[in-house]
Amino acid sequence: MVCRYAHPTIAVKGQVMVIEHLGLNVADPAAMGDWYVAHLGMRVVLAKDQPVPVRFLADSAGHVMIEVYHNPKVAVPDYWAIDPLMLHLAFTSDDVSGDHRRLLA
């Protein structure tokens with residue numbers, strides 16, 4: 001199944017607002033960033049390790065960024081325990097079955 005959406009620009013009181021990024025507190029931002037680059041076609045647009053490790057990852061179209069960071073002031077959520085109906089990140093694919101097998105491998 002391929003899902004494609006047109007992204008209309010919506011002006012609210014003369015201001016155009018777009019999502020700049022979504023931030024996720026994770027245990028190892030460098031490793032997660034490397035995996036997303038190697039397997040999902042994302043690219044690192046900013047990498048810092050001080051004062052907290054952080055990677056800003058852009059999608060291949062350059063439309064959306066994900067910030068993965070580790071801030072020890074708060075607990076890393078147990079993402080595996082969160083129902084995907086509550087939180088998930090979705091990518092488009094022209095070959096869902098093939099990409100599923102590739103990512104599992």
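# Notebook: strands, core and salt bridges

**Entry 1. A strand pair.** I began with valine 54, which stands opposite tyrosine 69 in β6. I take strands as DSSP runs of E with at least two residues and helices as runs of H or I with at least four, both numbered from the N terminus. Two strands count as paired if DSSP finds at least two bridges between them.

The model is predicted, and I note that local features need pLDDT of at least 70, that side-chain atom pairs count only at pLDDT 80 or more, and that totals for chains, interfaces and linings use all residues. Residues are numbered from 1 along each chain as its sequence is written, and side-chain values use heavy atoms, with hydrogens and water left out.

**Entry 2. The whole chain.** I listed 2 helices and 6 strands in the protein chain. Read from the N terminus, their order is β-β-β-α-β-β-β-α. The chain has 105 residues, and 19% of them count as buried (buried is under 20% relative accessible area, exposed is over 50%, and partly exposed is in between, with a 1.4 Å probe and protein chains only). I also looked up the contacts (heavy atoms within 4.5 Å) between residues at least 6 apart in sequence: 51% of these join residues at least 24 apart. The chain exposes about 8300 Å², and carbon and sulfur atoms supply 61% of that area (Shrake-Rupley method, 1.4 Å probe; for residues, only the protein chains shown count as cover).

**Entry 3. Around β6.** Is β6 mostly covered or mostly open? I find it mostly covered, with 4 of its 5 residues buried. β6 pairs with β3 in the parallel sense over 4 bridges, and glycine 23 has glutamate 67 of β6 as its bridge partner. On β5 the sense is antiparallel, with 5 bridges joining β5 to β6. These two strands form a hairpin with 6 residues between them, and glycine 62 in the turn has a positive phi of about 75°.

**Entry 4. β4 and β5.** I followed β5 to β4. The two run antiparallel and are joined by 5 bridges; arginine 43 has alanine 58 of β5 as its bridge partner. They form a hairpin with 5 residues between them. Proline 51 sits in the loop between β4 (43–48) and β5 (54–58).

**Entry 5. The core.** Which residues make up the largest nonpolar core? I wrote down 8: Leu24, Val26, Met32, Tyr36, Met42, Leu57, Ile66 and Val68. (A nonpolar core is a set of buried Ala, Val, Leu, Ile, Met, Phe, Trp, Tyr and Cys residues joined through side-chain atoms within 4.5 Å.) The elements giving two or more residues to this core are α1 (29–40) and β6 (65–69). For leucine 57 I set aside residues up to four places away in sequence; the residues it touches include Tyr36, Met42, Ile66 and Val68, and also Gly33 and Val64.

**Entry 6. Proline 29.** I found proline 29 in helix α1. Proline 29 counts as buried because its relative accessible area is 3%. Leaving aside neighbours within four places in sequence, proline 29 is in contact with Pro53, Val54, Arg55, Val68, Tyr69 and His70. Histidine 70 is 41 residues away along the chain, yet the C-alpha atoms of proline 29 and histidine 70 are separated by 6.4 Å.

**Entry 7. Salt bridges.** How many salt bridges does a search of the whole structure find? I count 2 (a side-chain nitrogen of Lys or Arg within 4 Å of a carboxyl oxygen of Asp or Glu). One joins aspartate 49 to arginine 55, with the closest N and O atoms 3.1 Å apart. Arginine 55 is buried at 11% relative accessible area, whereas aspartate 49 is partly exposed at 45%. Aspartate 99 and arginine 102 form a salt bridge with the closest N and O atoms 3.4 Å apart. These two are 3 residues apart in helix α2 (residues 96–104), so about one helical turn separates them. Both are partly exposed: aspartate 99 at 25%, arginine 102 at 39%.

**Entry 8. A surface patch.** Last, I noted that Leu22, Leu89 and Phe91 form a nonpolar patch on the surface, with about 250 Å² of accessible area together. (Patch residues have over 30% relative accessible area and no salt bridge; like charges are joined within 9 Å, and nonpolar side chains, namely Val, Leu, Ile, Met, Phe, Trp and Tyr, within 5 Å.) Leucine 22 lies in strand β3 (residues 22–25) and is partly exposed, with a relative accessible area of 40%.
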